[in-house]
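Have the model open while you read.

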Amino acid sequence: MIDPARMHALSPATIAIVDDVLDYARRRELYEGVPLDKPLTQRELVRLASGTITESGIGARRAAGLFENVLAPACLSTDHPGYLSFIPSAPSKAATAFDVIVSASSVYGGSWQEGAGVVYAENEVLRWLAGEFGLPEGAGGVFVQGGTIGNLSALVAARDAARRRRRAEGRADPTRWVVVCSAEAHSSVGSAASIMDVDAVGVATGRDGRLHGDAVATALDEHGDAVFAVVATGGTTNFGIVDDIASIAEVTSARGVWLHIDGAYGLAAMLVEKVRPVFAGVERADSVIVDPHKWLFAPFDACALIYRDPAGARLAHTQHAEYLDTLTDGADWNPSDLAIQLPRRARGIPLWFSLATHGAAQYRAAIEYGIDLARRIADEIQARPGLSLVRDPQLSVVVFRREGWSAAEYKAWSDRLLDEQIGFVVPSSHAGEPVLRFAIISPLTTYEKLIEILDTLG
Ligand SMILES: *Cc1c(COP(=O)(O)O)cnc(C)c1O
């Protein structure tokens, strides 16, 4: 029987659905030895899980059962200690548990009027991060979906600021705007440039793999005031290399060019005292990003985007429409106005809860663990015949080769490792050479786990 309110009313049936779902959430949170799992093919999933969308519904029991027994096992558990590819995610139990609350509370995180409480809590986290990065009191921002949107939003704000300045001086736009970055910059910077229809100029790094101020100065000489921003990377995705931000900041400050720090993966390492000096210069940035879903132990998806001058970013990003006037006419802090988005989940709240619960010292220790483990396993790799490091690890990424293996042999080994549920380590490449890469995020990834994987390399 169809009743319009059946899905919403507190009937015994809806209460049973909520109970079942929360029971499953609790079970999954408390799994001992999370399975790594692996994907199924489209054909297998059609066979096992088709026909779920029907006119009358298949019922919660069947749908949830299908999720638990078929769909979830066909997804890698990104929090498995053997998940070492790309940049893993290892959310804390407090963070994943509280993510459920973000949905259960039906809060909206786009405006102060609607979500003052969650916006306030998110801002507490952003302010704390800004302080760790050495940014001034007035710095602020918003949690967006990921580093890709974070970089794009920051660059849009940077170009808008450059454009406004030129207009104020009575000058037209350059024929082509230019963003300067390192040749090692993340693909999302090139993608942002393409979306914005601007040119991305990739400057060669030094022998140390880092972008330096003198190379940036040369690029600025060449492209003049068509350059609206310089992007420095605070921990490259492939190697975890931190650009020479201090020397780059000297150059951008002297020339009045916006400095953006892409720290999606690595900037979290600034929380660790002994690593902080590597990031000198971040305090002079106009904008920075760091992904809590990478090394700040929050669930997907969350990128903290922080501006030195949020008011300027607001000018670039605020959407104006009659139905929004009540929000945009006031002086309230509306997260929607600081990036490319309008509606938004309060995606900073799981991090807020976990950080408030455990305290910053716990975060520092968990991040430092990954850095120390990377160092330790790098030494072991260097010591093993047949294996060699491609580069010394700076943060928690270790890139190495198995001498004499072809790309096909790496691939076959990697598939076998996943099949045997030991680990998820996909081959990568560097300068045309196939290589292996451990990206260590989870504090549950042990030295013994990494040794177990190395032992399979023959
Ligand atoms: C991961 C990463 C990005 C992209 O972030 P997403 O959250 O995956 O969109 C950008 N820059 C760097 C350096 C990264 O490591």
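1. Start with A360, which touches W128 and L355, leaving aside residues up to four places away in sequence; contact here means heavy atoms within 4.5 Å. A360 sits in helix 14, residues 360-383. Helices (H or I, at least four residues) and strands (E, at least two) are DSSP runs, numbered from the N terminus. If you go looking for V144 from there, A360 and V144 are 216 residues apart in sequence and 22 Å apart in space, C-alpha to C-alpha.

2. A word on what you're looking at: this is a predicted model, where local features need pLDDT of at least 70 and side-chain atom pairs count only at pLDDT 80 or more, while totals for chains, interfaces and linings use all residues. Residues are numbered from 1 along each chain as its sequence is written, and side-chain values use heavy atoms, with hydrogens and water left out.

3. Now the ligand. Which residues are closest to the ligand? They are G147, T148, D262, D291 and K294, out of 14 residues that surround the ligand (near means that a heavy atom of the residue lies within 4 Å). A polar backbone atom of G147 is 2.7 Å from an oxygen atom of the ligand. For T148, an N or O atom in the side chain is 2.7 Å from a ligand oxygen atom. On D262, a polar side-chain atom lies 2.6 Å from a nitrogen atom of the ligand.

4. On the helix 6 side the contact is made by T148, N151, L152, L155, V156 and R159, and on the helix 7 side by S188, V189, A192, I195 and M196. By class that gives seven nonpolar, three polar and one charged residues, with Ala, Val, Leu, Ile, Met, Phe, Trp, Tyr, Cys and Pro counted as nonpolar, Asp, Glu, Lys and Arg as charged, and the others, Gly among them, as polar.

5. Next, helix 4 (residues 93-104) and helix 13 (residues 349-358): they pack at about 135°, with their axes 8 Å apart. These two helices, helix 4 and helix 13, are therefore oblique to each other. Helix 4 brings A94, A95, F98, D99 and V102, and helix 13 brings I349, P350, W352, F353, S354 and H358. The contact has eight nonpolar, two polar and one charged residues.

6. Helix 1 (residues 12-29) and helix 3 (residues 60-71) have axes that come within 10 Å and cross at roughly 15°. That makes helix 1 roughly parallel to helix 3. I17, D20, Y24 and R27 of helix 1 meet A60, R61, F67 and E68 of helix 3. The class count is four nonpolar, no polar and four charged residues.

7. Finally, two backbone spots to check. Most residues other than glycine have a negative phi, and most peptide bonds are trans. S106, in the loop between helix 4 and helix 5 (112-132), has a positive phi near 50°. F300 and D301 are joined by a cis peptide bond, with omega about -5°; D301 is in the loop between helix 10 (292-295) and strand 7 (303-307).

Key. Axes are lines fitted to C-alpha atoms, for helices over the stretch in contact, and angles run from 0 to 180 degrees between N-to-C directions. Angles under 35 degrees count as roughly parallel, over 145 as roughly antiparallel, 65 to 115 as roughly perpendicular and the rest as oblique. A polar contact is a pair of N or O atoms within 3.5 Å; within protein, one must be able to donate a hydrogen and the other to accept it, and residues adjacent in sequence count only if both atoms are side-chain atoms.
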